[in-house]
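Thanks for coming. I will go through some contacts in one structure, starting with charged side chains and ending with rings.

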Amino acid sequence: MPIQFLLNLLIALLWVFLNDESTFEIPTFISGFLIGIGIIFMLHRFFGTPFYLKRVLSMIKLLAIFNYELITSSLLIMKQILTHSKEVEPGIFTYKTELDNDWHITALALLLMLTPGSVVLRVSPEGDTFYIHAMDIKESKPSVLKSIRLYEKVILEVARP
Amino acid sequence: MIASEIIKLIAALMVLLGSIMAIISAYGLLRLPDVYTRSHAGTKSTTLAVLLTLSGVFIYFWATEHYFSIRLVLGIVFLYLTAPVAGHLICRAAYVTGIDTEKIVKKEKVPENLK
């Protein structure tokens, strides 16, 4: 997959040379890069690997989900701060993940720190069980589990598109 | 130049919103009962608060002086990377040393070797 990106850079550079301008112009380079994207997209099935921008797209999707969760969790936590009642039940629950790569587990833990109502306390030495602290366990456990599944799906999409 | 005025106003609103959020989460740090619930306040809403403030400053300088500040973008990126790690480590240290564990009402069993 990196070979596609390198080829794309090469096409952009060639485009700059073929334009034969006196200095290196960034807009020319960018238009060459866009043309390269078109060429690589038409040819990518001959490389035998998926189109490399697909991975970039799923990264953008991950970032968008992450920002959305950050905003909703901040609103929730501010609501809980301002109207804190004694009835909330803090608690710990476990989640066994199917991810096996260290980097994927790290990314999942970072994402979980910023989802509504969950803080990762410990990760087991085998790296597959999360111990998660929830602010109000009755309310937030189902929603946290739902967003964990979503994260796992998107992380795997980034890892192997 | 009405467009740049509007952008300036949006940037100012973002900075204002960010500072209000920072105040609320600082209040939460004082008000919530134990380490773990406090870390909820300390990680999530402060991240968003600092993020909003930095983005507001970034937009302001871009609109008024056409200055694309790479340092602010780097600040935002490193904030994303470091704030959750710091929160996790504080929680983990508190849990390992056994602070406030009796305040957790409902717990699933955590194996002894992880304590």
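Which side chain meets that of Lys61(A) in a salt bridge? The partner is Glu157(A), at 3.4 Å from N to O. By salt bridge I mean a side-chain nitrogen of Lys or Arg within 4 Å of a carboxyl oxygen of Asp or Glu.

Before going on, the conventions. This is a predicted model, where local features need pLDDT of at least 70 and side-chain atom pairs count only at pLDDT 80 or more, while totals for chains, interfaces and linings use all residues. Residues are numbered from 1 along each chain as its sequence is written, chains are lettered from A and ligands numbered from 1 in the order in which they are written, and side-chain values use heavy atoms, with hydrogens and water left out.

Back to the pair. Lys61(A) sits in helix H3 of chain A and Glu157(A) in helix H5 (residues 137-159), 96 residues apart, so distant parts of the chain are linked. Helices here are DSSP runs of H or I with at least four residues, strands are E runs of at least two, and both are numbered from the N terminus. Lys61(A) has a relative accessible area of 36% and is partly exposed; Glu157(A), at 28%, is also partly exposed. The cut-offs are under 20% for buried, over 50% for exposed and partly exposed in between, with a 1.4 Å probe and protein chains only.

Over all chains there are two salt bridges. The other pair is Lys8(B) with Glu5(B), at 3.6 Å from N to O. Both are in helix H1 of chain B, three residues apart, about one turn of the helix.

Now the rings. Rings of Phe, Tyr and Trp (its six-membered ring) pair if their centres lie within 6.5 Å; planes under 30 degrees apart are stacked, over 60 edge-to-face, and the rest tilted. The search finds nine aromatic pairs over all chains. For Phe66(A) and Tyr80(B), the centres are 5.1 Å apart and the planes at 50 degrees, so that pair is tilted. This pair crosses between chains, from helix H3 of chain A to helix H3 of chain B. Phe66(A) and Tyr80(B) are both buried.

Trp62(B) and Phe68(B) have centres 5.5 Å apart and planes at 80 degrees, so they are edge-to-face. Trp62(B) is partly exposed at 45%, and Phe68(B) at 42%. Ring pairs join these two and Phe58(B) into a cluster.
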